[in-house]
Amino acid sequence: MSPDHLIWISLALPLLAVGLIVLFGKSPDLRDGASGTVAGLLLIVVASLSIGVFSGKRPEWHLGEMLPGFEIAFRVEPLGMLFALVASGLWILTTAYAVGYMRGHHEIHQTRFFACFAIAIFAALSAAFSANLFTLFVAYEVMTISTYPLVTHHGTDEAKRGGRIYLGILLSTSIAFFMLAIVWTWSLAGTLDFQLGGILSTAVAENRISQTGLGVLIGLFTFGIGKAALMPFHRWLPAAMVAPTPVSALLHAVAVVKVGVFSVMKVCVYIFGLELLRETGVSLYLAYVAGFTLVVASLVAMTKDNLKARLAYSTIGQLAYITLGAMLATPNSVIGGGMHIAMHAVGKITLFFCAGAIYVAAHKKNISDMEGLGRKMPFTFAAFLIASVSIIGLPPGGGAWSKWFLALGTVETHQYLLTAALMVSSLLNIAYLVPIPMRAFMKPSKSEDESESETGNWFSNMQEAPAMCVVPLCVTAIGSVVLFFAAQWIYQALLPITAMPS
Amino acid sequence: MIDAIFAHLPILLIVLPLMAAPCCVLVGNGRAAYLLALVVSFAAFACSVAMLGETLQHHVVRYELGNWSPPYGIEYRVDIFSGFVMAFVSGIGAIVLVYAPLSVRDEIPASKHYLFYATYLLCMTGLLGMCVTGDLFNVFVFLEISSLSSYALISLGRTRRAPLAAFQYLILGSIGATFILIGIGLLYQMTGTLNMADIAARVPHEHGPRTVLVAFAFLTVGLCVKMAVFPLHTWLPNAYTYAPSVVTCFIAATATKVSVYAFVRLIFGIITPGFAFDVLPLDTELMLFSLVGIFIASIAAIYQNNVKRLLAYSSVAQIGYMLLGISMATPTGLSAGIVHMFNHALIKGGLFMVAGCFALRLGSVQLSDWKGAGRTMPLTAIAWAIGGLALIGVPMTAGFISKWLLLTSAFETGRWPIAVLMLVSSLLAVVYVWKVVETLFFSEPSEAAAGATEAPLRMLIPTYLLIGATLLFGVWTPYSAGIARQAAIVLLGGTP
């Protein structure tokens, strides 16, 4: 089948899932089965699409003009392909996990939950494949709206407050800054198409925008894409943690936040062009904002006792790594940033899966209550440790490579202060992540459970979460190690985006 | 036969509802009057769609009333712009009538039903007449027909404040109408004709006498009262709040839009934009009043606890967006203004219908009574959420299309501060829309809401027709933004 067709098929599949989920809403088994089947098909389609894209093809699909001159169109390039692969691959695991979690937890409104979930995946893929800023913006906003019911799933006052911050920050930054930046770009370049080397160089050459203007424009983009969670517009992410854990896992570690940093990278690579950014240095101040964010977020993460809150701040810090890579605009830093989208996604989703599994099995949310839990839930905490290693950036975790390239980028541009920030942040990563599994394994359990005898069979003491929860998190933990060895392949795949336009 | 009907479409559009209204009174029975009104309104809709089709082919359709050739006789003159406005006014008029009977039964005493439908048809006649006519005095006549009937409709509201609100509107509306009449009189004095195209050809512009200026000033202020431009909007919130739900749906969706139509005609058809915007600084003034109005009315909307009043203030703000587009006088800007007339009619009509559904089931439009109604009336509440998103201007909804066109037009003409202010102002809409969404979905149900059942299908279906249309015209725009653009090009003197 021609790659052009694969694009619309891969966009239609999540929508098909929405239809099936609503249709089978009354019988949960059929509904969740349909959801999983479609997710599997989607991965196959996306994977076969990727074969062509990574060998140099750029399939396109034009849906039509929404307004004269503003087209909804898709064109797949390596960065978007990588993101789509990550999102669709993790969707399967999350579906399996969500079934285990939601049922284990007797959550209400599961049909609405899975339907909104599929819409969010549709939005993520549309953003990944978008051929112009207009399409990207539409997909971005669809994602914001479709995830609101997920964040406020429980319908409590806390959910309402969280949802208010979530929607408030994401909508207002995107309307006030992002949209403004897009229309400004359009008035400068006369097009919104993503092109290698950027579309603004003519306007700059003709002096239609000053150096300062460029700096303001990229600032509008970077802060306007609130999903990248750059400080001071990061508060929505911790607020979104009121959602059920599968949402936090796929959406707030993978799909939503990655759409944010992905958009930032797309803007830097295909709207401004790396060369323009390097020559003018207008994005450097944002690299420092990112550096500030990644250190401060790690510091804040250390103070959080609630596991999901700690992971949320950790995500804010890790997203800043990717923004930093984009803003430095060297080939190495951009590849590092692109790689980190994948590496962090697989690592962080594991951590969230673990948090959810702990909650389902032991009903514990706070880290201080998890001491000694490792013996009851050895798989969960082992996975947690492996994923932590990857997030920190130590071999054999995939994160080692992306952080290596990012650090190279800071050195290449002689921004040694940022190199230091990266190093300090990695140390802080160790400090806030590693003690969690360590204490769980080493420290004695707090609860004096008499039935728990040290002499008993090791397996008989296990009180793991349901298999539907544990298997996915083991798979992703292994995945974050596999990625360490697959880094060369990702490097090769991403290399074309750093090329000079011919 | 068909040809004969087609040849007389412009007059059929007026005669049908105008004749049906006294028939409604004569039959004197609520149900029969309703059926007559329903049939006639759909016939009018069919006529205006056919007219729109004709104008898209021939650009201008002329009709000489009684075969008296202009400028002696009255000429009906329909171009793409008037065809577009007619089509959506009569379309929404028809859909509101489908929605009407249950709500009317609930809110208006049975003895007055036939009078209600008769007045409704008269109001529609007036509004359609303003669009169809090419004669300036005729515009005034139809304006008065629609205004007088809307005073009567508003006074039918079930609280005793409704007559007061109607009276307030009557006073201000009459002042506005008087201003318009004075303006028309002065123009007649200067040119000796009432045919708009004729006036445009004869009126001395640049160095003309002061009379033209005065005439223009009177007309502008008079129409601004009718459009409810800030600060001449004071009649609107009370009128919308205390009118029966059905009346609010119809008037909010159509009446102010038709006044905007008349204003656009005045500027682009009679006084040229060059005179209004280059010789006179009307564009700057309009933008100033629009922006101030948008901010003040949106902030006022945030503090309302009566949902109909909240929507009313939002309407005042939205008129500002239309005028912003119109005052830019570029093809993009003007088409943004025109398409927002349509989009906003859909959105506001839909939202007021939702308010009507809640009013029927909960007996109130106070926000405190709507608490938790999302649990017992999920479909109605979801309709609010979708309409609200469209009002904010989220992508994939009609509101986004208007906003995007306005923004690009502001950048095209180098007015980026307006773009920034516009975007910031649309954040205020997020606040007042979401205030209601949170009340519906996250509050503990109020007594009324806990015992409520979902709104009847006969009301839900028309509501979803409009709400669905806001989604449709958010992704598919050849017949909204596309026609608006053609209309704008014709108005600016080009050929589409």
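Good morning. I begin with chain A, where an unreviewed UniProt entry annotates residues 130–428 as "domain: NADH:quinone oxidoreductase/Mrp antiporter transmembrane". UniProt positions are given here in the numbering used for this model, feature names are shortened, and annotations may be inferred rather than shown by experiment.

The model is predicted: local features need pLDDT of at least 70, side-chain atom pairs count only at pLDDT 80 or more, and totals for chains, interfaces and linings use all residues. Residues are numbered from 1 along each chain as its sequence is written, while chains are lettered from A and ligands numbered from 1 in the order in which they are written.

I turn to the interface. In all, 26 residues of chain B are in contact with 21 residues of chain A (C-beta atoms, placed from the backbone, within 7 Å). On the chain B side, the elements giving two or more residues are α18 (398–412), α19 (416–442) and α22 (478–491). Of these, α19(B) gives the most, with 11 residues.

Finally, within chain B, helix α7 (residues 161–191) packs against helix α10 (residues 235–242) at an angle of about 145°, with their axes 9 Å apart. Axes are lines fitted to C-alpha atoms, for helices over the stretch in contact, and angles run from 0 to 180 degrees between N-to-C directions. The contact includes R161(B) and Y169(B) of α7(B), and W235(B) and Y242(B) of α10(B).

Key:
Contact = placed C-beta atoms within 7 Å. Helix = DSSP H or I, 4+ residues; strand = E, 2+ residues; numbered from the N terminus.
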